[in-house]
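Morning, everyone. One structure today, and I'll keep it brief. Please have a look at it first.

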Amino acid sequence: MNRNAMNRRGGAGVGVLVVVVVAVLALIAALVWAVGSTPAGAEAEAVVPAGVDEARSIEAALEAAGVYLERDELGKAEAVLTSAVGEFAEDVPLRLSLAEVLLRQERIEEAYGQYEAALAIEPNAAAVQFQAGTIAAMLDRAERAAEHYSMARSLDATVAQYPLYLAVVQQELGLIGDAKENFLYALHLDGTDATAAAALAQIALDENDRELALSYARRAREIEPGQAAFVVLEARALRRMARAEEAIGLLLALPDEALYQVGVLTLASECLGLLRNFDDAAGLWADAADADTGSAEKAFQAALALERAGDVEKAKRYASRAGMLGHAQAGGVVERMEK
């Protein structure tokens, strides 16, 4: 049975295993922005008007920065806010607004400094602690990020994102027990959180708790059936349970761009091997190599799979292609096949 005869129907999405990444774009979109609306075309004053009270001066600075941001004049927005922060150093919205301008310029370290200053003034703002944690994570300061996320969770125990992000960082730090607890809590707060379910499935797989891994992986896939990573996660759990036929059925339903990733192909090939279906495994690797003619690894794996299936002549062609593409082991394989 060749690749085209395997009767697959597509889900969508690519990616193989885990689970969560820091949502940088979502963070920037969600940052606290205290700028009032300014009519289109209105001119902003770059200097805060003199002789007005403090509140009106702060409002004027935020409005001016807002207009400059709409025009994508980040330097002018920064100048206004920096001047205002110098005058009103204890104003949290000014500092958060300046942090956003700095983030838009990818000056992450300086933005984080503004968050630290804002939290020194008002430490009990859960959303600001969460945002600070995400910026700390962007700076690869996992322990500091965990502190911010933990504080956010303690300040507001109703937001699923807080324990979710805390769990991700704890997992990175090797605190698997704490991470598991927070993934479970995030899933408790939001039963539709596929990310938490998938993370728990991965932890269960790592702990060789196959039944639990399958349960959580299946839950993640049911929540987001179009997410290829969750399909693969479920297939991995099934493979671990020696339920290879179910696993390969899931994998072959993936679209080509997901199925033809090396990690997914390897898993599919293992499942077909358990079923003693070496011809289909070879055909799968060959189809993938033909769809990506620049991949030395896929050509090399196709050669090995074809050799295992008994088609040595075809295997030599793929091994030769892998060698021409620079695969280090291909030459030895070709030599062995020729002998």
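Are Phe 130 and Tyr 149 buried or exposed? Both are buried. Keep in mind that this is a predicted model.

Confidence, then. The chain has a mean pLDDT of 85, and 84% of its residues reach 70 or more. Residues 1–52 stay under 50. The model still has 106 contacts beyond four places in sequence for that stretch. Where pLDDT is low, predicted coordinates should not be read in detail.

Now the rings. The count is 4 aromatic pairs. Take Phe 130 and Tyr 149: the centres are 5.5 Å apart and the planes sit at 45°, so this pair is tilted. Phe 130 is in helix α6 and Tyr 149 in helix α7, residues 142–155.

Next, Phe 130 with Tyr 165. Here the centres are 4.9 Å apart with planes at 70°, so the pair is edge-to-face. Tyr 165 belongs to helix α8, residues 161–172, and lies 35 residues from Phe 130. Both of these are buried too. Together, Phe 130, Tyr 149, Tyr 162 and Tyr 165 make one aromatic cluster.

Staying on helix α6, Met 138 lies in that helix, residues 126–138. Met 138 is partly exposed, at 21% relative accessibility. Its C-alpha is 9.3 Å from that of Glu 109, 29 residues away along the chain.

Last stop: Lys 298, in helix α17, residues 296–309. Its relative accessible area is 10%, so Lys 298 counts as buried, the cut-off being under 20%. Its side chain makes a polar contact of 3.2 Å with that of Asp 292. Lys 298 also touches other residues, including Tyr 260, Leu 265 and Trp 285.

Note on methods
Residues numbered from 1 in each chain as written. Predicted model: local features only at pLDDT ≥ 70, side-chain atom pairs only at ≥ 80, totals over all residues. Heavy atoms only, no water. Helix = DSSP H or I, 4+ residues; strand = E, 2+ residues; numbered from the N terminus. Buried < 20%, exposed > 50% of the residue type's maximum accessible area, 1.4 Å probe, protein only. Polar contact = N/O pair within 3.5 Å; in protein donor to acceptor, adjacent residues only side chain to side chain. Contact = heavy atoms within 4.5 Å. pLDDT = per-residue confidence, 0-100. Phe/Tyr/Trp six-rings, centres within 6.5 Å; stacked < 30°, edge-to-face > 60°.
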